[in-house]
Amino acid sequence: MTQTPFAKVAPAGRPGEIVAGFLAPHPPHLVYAENPPQNEPRSRGGWEVLRWAYEHCRRRIKELSPDVILVHSPHWQTVVGHHVLATPRLEGRSVDPIFPHLFRYDYGMDIDVELAGAIVEECFAAGLESRPMRNPKFRVDYGTIVSLHLLNPGWDIPVVGISANNSPYFYDDKVGQEEMTRLGHATARAIAKTGRRAVLVASNSLSHLHFSEEPNPALPEDMSREHVFSHAQYEWDVRVINLLREGNLEEFFRILPEFCLEAFAEIKAGGLTWMLEAMGRPSYGAKLHGYGNVIGTGNAVMEWSRP
Ligand SMILES: [Fe+2]
């Protein structure tokens, strides 16, 4: 297998470190509700609890002042291997395929190409299939864009995007999650090698069953119509959130396959496993910034940073 050419040695005196991780769900409704200049549709607001939660994360990221934000998104699906955004600048208009009336967003992001290359190299070294995405006209998926906007709307920090390799799901959940463990470790080694102070982002909802129709098409942000999809889904989310708040990752990983099956949890795409494994399975609990529903899905905004 050929090696990518662009990994370099870490600058002296800058040890690589993951300074925080965030569970950062990406319903486009949250961007729509905020009315940023980049998004064309206008709203009257909505889903404030989740958007207030993201305000805490924004402040935290400003405090941490990382070199780079890495995001794993379930909506950049690759069948063969783990692909990594690796071209210096990506710009374009992103239109949500399910909610084009809510999300037509003009994005522009700078990519940390050196770190992207190092991740690809570390994947190869770990026996994982991986490719750098060097197409300068590549259209970034809306999951990556929404999570990054909600965490850092100024887009003034370079990013690295990592695809969701779906092929593990042709086998079983266990195989898929084990592969995400190896991807997490490879990512951590690349961060150490390049000396970056990095924030990791798992771009995922929790329970992911949702209404099949918009409750009020005339006013998508009608909060009188927003609620949990079912009490069973709510109970699953609460169970998982409490385990993560307690730092009980052993039990979390034990019930993860069942959670994915019963709640159609979006974390089945592996982003949260990738992040927690890259961080060395933190023994401290996560901070819950907020929980809320979007068209019935369960969304938790959570932070892992050393107490
Ligand atoms: Fe999604």
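The legends below walk through several close-up views of a predicted model.

**View 1. How confident is the prediction across the protein?** The mean pLDDT of this predicted protein is 92, and 93% of its residues reach 70 or more. Residues 1-13 are the stretch to treat with care, with pLDDT below 50. In the model, this stretch has 21 contacts beyond near neighbours in sequence. Where pLDDT is low, the predicted coordinates should not be read in detail.

**View 2. Strand 8 pairs with strand 1 and with strand 2.** Start with strand 8, residues 197-202, where five of the six residues are buried. Strand 1 (residues 17-23) runs parallel to strand 8, and six bridges join the two. Strand 2 (residues 68-78) also pairs with strand 8 in the parallel sense, over five bridges. Look for Ala198 in strand 8: Ile18 stands opposite this residue, and Val68 has Ala198 as its bridge partner.

**View 3. Ile69 sits in the largest nonpolar core.** This core holds 84 residues. Which of them touch the most other members? They are Ile69, Ile119, Leu151, Val160 and Val201. Setting aside residues up to four places away in sequence, Ile69 touches Leu148, Leu151, Asn152, Ile157, Val159, Val199 and Val201. In soluble globular proteins, nonpolar side chains tend to be buried together.

**View 4. Phe103 lies in a loop between two strands.** The loop links strand 4 (89-95) to strand 5 (104-110). Is Phe103 buried or exposed? Phe103 counts as buried because 23 C-beta neighbours lie inside 10 Å, and the cut-off is 20 or more. Beyond neighbours within four places in sequence, Phe103 is in contact with Pro28, Val31, Tyr32, Asn39, Val95, Asp96 and Tyr142. Take a look at Pro41 as well: this residue is 62 residues from Phe103 along the chain, yet their C-alpha atoms are separated by 6.7 Å.

**View 5. Helix 7 has a kink at Leu256.** Follow the helix through residues 249-263 to find a kink of about 45 degrees, shortly before the proline Pro257. The buried residues of helix 7 are Phe252, Leu256, Phe259 and Ala263. An α-helix has 3.6 residues a turn, so residues three or four places apart point the same way. Just after helix 7 comes Phe264, with a positive phi of about 50 degrees.

**View 6. Helix 8 is mostly covered.** In this helix, residues 271-278, eight of eight residues are buried. Among them are Trp274, Met275 and Glu277. Gly280 follows helix 8, and its phi is positive, near 75 degrees.

Notes
Residues numbered from 1 in each chain as written. Predicted model: local features only at pLDDT ≥ 70, side-chain atom pairs only at ≥ 80, totals over all residues. Buried ≥ 20, exposed ≤ 12 C-beta atoms within 10 Å, placed from the backbone. Helix = DSSP H or I, 4+ residues; strand = E, 2+ residues; numbered from the N terminus. Core = buried A, V, L, I, M, F, W, Y, C linked by C-beta atoms within 7 Å. Contact = placed C-beta atoms within 7 Å. pLDDT = per-residue confidence, 0-100. Bend = angle between axes of the 7 residues up to and from the residue. Pairing = 2+ DSSP bridges.
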